[in-house]
Amino acid sequence: MTSFNFATAARIVFGPGTVGQLPELVAGLGSRPLVCTGGHPDRHAAVLATVPGAAIFAVAGEPSLDVVRAGADAARAHRADVIIGLGGGAVLDTAKIVAALVANGGDPLDYAEVIGRGLPLSVESLPVVAVPTTSGTGSEVTANGVVSSPEHRVKVSLRSSSMLPKVALVDPGLTLDCPKSVTAHAGLDALIQCIEPFVSPFANPLTDGFCREGIRRAGHGLRRAWSAPDDLGARTDVALCSLLSGLALANGKLGAAHGLAGPLGGYLGAPHGALTAAVMVPVSRFNIGASDPRTRARYAEVGYLLTGTEDEFAFLEWFAETIELFGVGGLAQYGLGEDDLPIIAEAAAKASSTKGNPVPPSPADLIGILRAAL
């Protein structure tokens with residue numbers, strides 16, 4: 001049996017209505033909370049009103065280096081002793097990075113991978129309570145935060161086991177008012193985050209269980225959550241898929257779809273979930289066509305979990321139909337051109353996610369995948 005380690009949030013609270021537990025969960029961790037939330041805090045006014053003494057830091061869009069610097073300054077000014085992330089994956093990542101920066105001092109570039117100094121975050125982060133309002137990233141149970149550098153046109157991570165939230169509070173009811181595009185992009189990303197660790201050669205028995213259940217839940221609820229946004233059962237399925245995907249990717253490996261989506265996101269500024277979805281079918285065709293029987297069997301099981309038909313091509317057909325239904329187009333619509341392909345392929349070949357792919361792709365392979373995804 002493969003040896004493995006497992007780490008996650010200190011506590012996971014899941015279910016419709018559980019957001020009502022937020023005040024007592026926060027009170028057990030600190031008395032001066034800073035709440036990182038989206039660009040329209042009024043959307044969550046009822047929740048925010050339950051947290052006494054909170055200061056608000058609004059995050060509009062995906063966080064840049066300057067945004068997380070400003071968040072850390074806001075936390076210090078408030079003398080925050082606990083950070084709440086209430087929003088989508090970008091907001092949760094901001095909360096985790098802010099908590100780490102306040103505790104460790106310095107600049108995010110001191111700790112950032114690839115473009116920074118990559119120093120270890122050696123001091124325990126401020127406690128974080130992660131409350132997702134979208135179902136996609138699983139950031140509430142992961143030990144890193146993603147931040148963009150417009151100057152470098154890349155997204156990079158700050159990463160430490162101390163960045164794992166103290167509490168992941170997942171209430172599917174908070175996702176009921178998500179726009180359809182967010183439901184689509186985030187939900188597809190959650191599904192991909194279950195599939196890639198499942199087909200990866202680094203899969204282990206624990207992550208396999210998370211992935212199988214997450215894929216099954218997505219097959220049951222994702223299209224329904226998109227077509228009937230007020231269906232709490234479907235929303236619960238997708239929220240659970242997202243949570244399970246975070247548990248899987250934090251303790252396993254992703255693959256080339258995420259290896260490509262990282263540099264594509266920094267280069268194009270397009271939604272992460274849309275980019276992973278756009279490349280997923282050509283990445284999977286590459287893996288199925290070039291892989292060993294074990295990988296083909298894994299993709300066939302994905303097809304069974306989604307459709308009831310145990311065949312790798314059942315998965316490809318289901319996924320292609322779903323992105324067409326959701327209106328997720330190719331990479332060209334986001335501005336990617338033929339001349340850009342070698343730049344993205346070179347970056348993706350070095351990405352940590354790509355190292356989890358069942359078949360190690362060459363830069364030429366990645367160019368072919370990108371071309372097929374245009």
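Asp311 sits in the loop that links α11 and α12. The model is predicted. Asp311 is partly exposed, because its relative accessible area is 28%, between the 20% limit for buried and the 50% limit for exposed.

**Asp311 and its surroundings**

- Leaving aside residues up to four places away in sequence, Asp311 touches Tyr299, Ala300 and Gly303.
- Tyr299, Ala300 and Gly303 are listed among the buried residues of α11.
- Arg298 lies 13 residues from Asp311 along the chain, and their C-alpha atoms are 9.4 Å apart.
- Arg298 is also one of the buried residues of α11.

**Helix α11**

- Helix α11 covers residues 293-307, which is 15 residues.
- At 1.5 Å a residue, α11 should span 21 Å, and its end C-alpha atoms are 21 Å apart, so the two values agree.
- The buried residues of α11 also include Thr295, Val302, Leu305 and Leu306.
- In an α-helix there are 3.6 residues a turn, so residues three or four places apart point the same way.
- The cover over the buried residues of α11 includes α6 (180-199) and α7 (205-227).
- Helices α10 (272-290) and α12 (312-326) are also part of that cover.
- Gly308 follows α11 and has a positive phi, near 90°.

**Helix α6**

- Helix α6 has 20 residues, and 17 of them are buried, so α6 is largely enclosed by the rest of the structure.

- Six strands form an open sheet with parallel pairing, in the order β1-β8-β5-β4-β2-β3.
- Strands β1 (11-14) and β3 (55-59) are at the edges; each has a single partner strand, so one side of each has no neighbour in the sheet.
- On average, neighbouring strands of this sheet are turned by 15° against each other, direction ignored.
- Strands of a sheet pair through backbone hydrogen bonds.
- Strands β5 (residues 128-132) and β8 (residues 167-170) run parallel and are joined by two bridges.
- Ala130 is opposite Ala168 of β8.

**Helices across the sheet**

- Helix α3 (residues 65-78) lies across β2 (33-38), β3 and β4 (82-87).
- The angle between α3 and β3 is about 175°.
- Helix α8 (residues 232-251) lies across β1 and β8, at about 165° to β1.

Definitions and conventions
Residues numbered from 1 in each chain as written. Predicted model: local features only at pLDDT ≥ 70, side-chain atom pairs only at ≥ 80, totals over all residues. Heavy atoms only, no water. Helix = DSSP H or I, 4+ residues; strand = E, 2+ residues; numbered from the N terminus. Expected span 1.5 Å × (residues − 1). Buried < 20%, exposed > 50% of the residue type's maximum accessible area, 1.4 Å probe, protein only. Contact = heavy atoms within 4.5 Å. Pairing = 2+ DSSP bridges. Axes fitted to C-alpha atoms, helices over the stretch in contact; angles between N-to-C directions.
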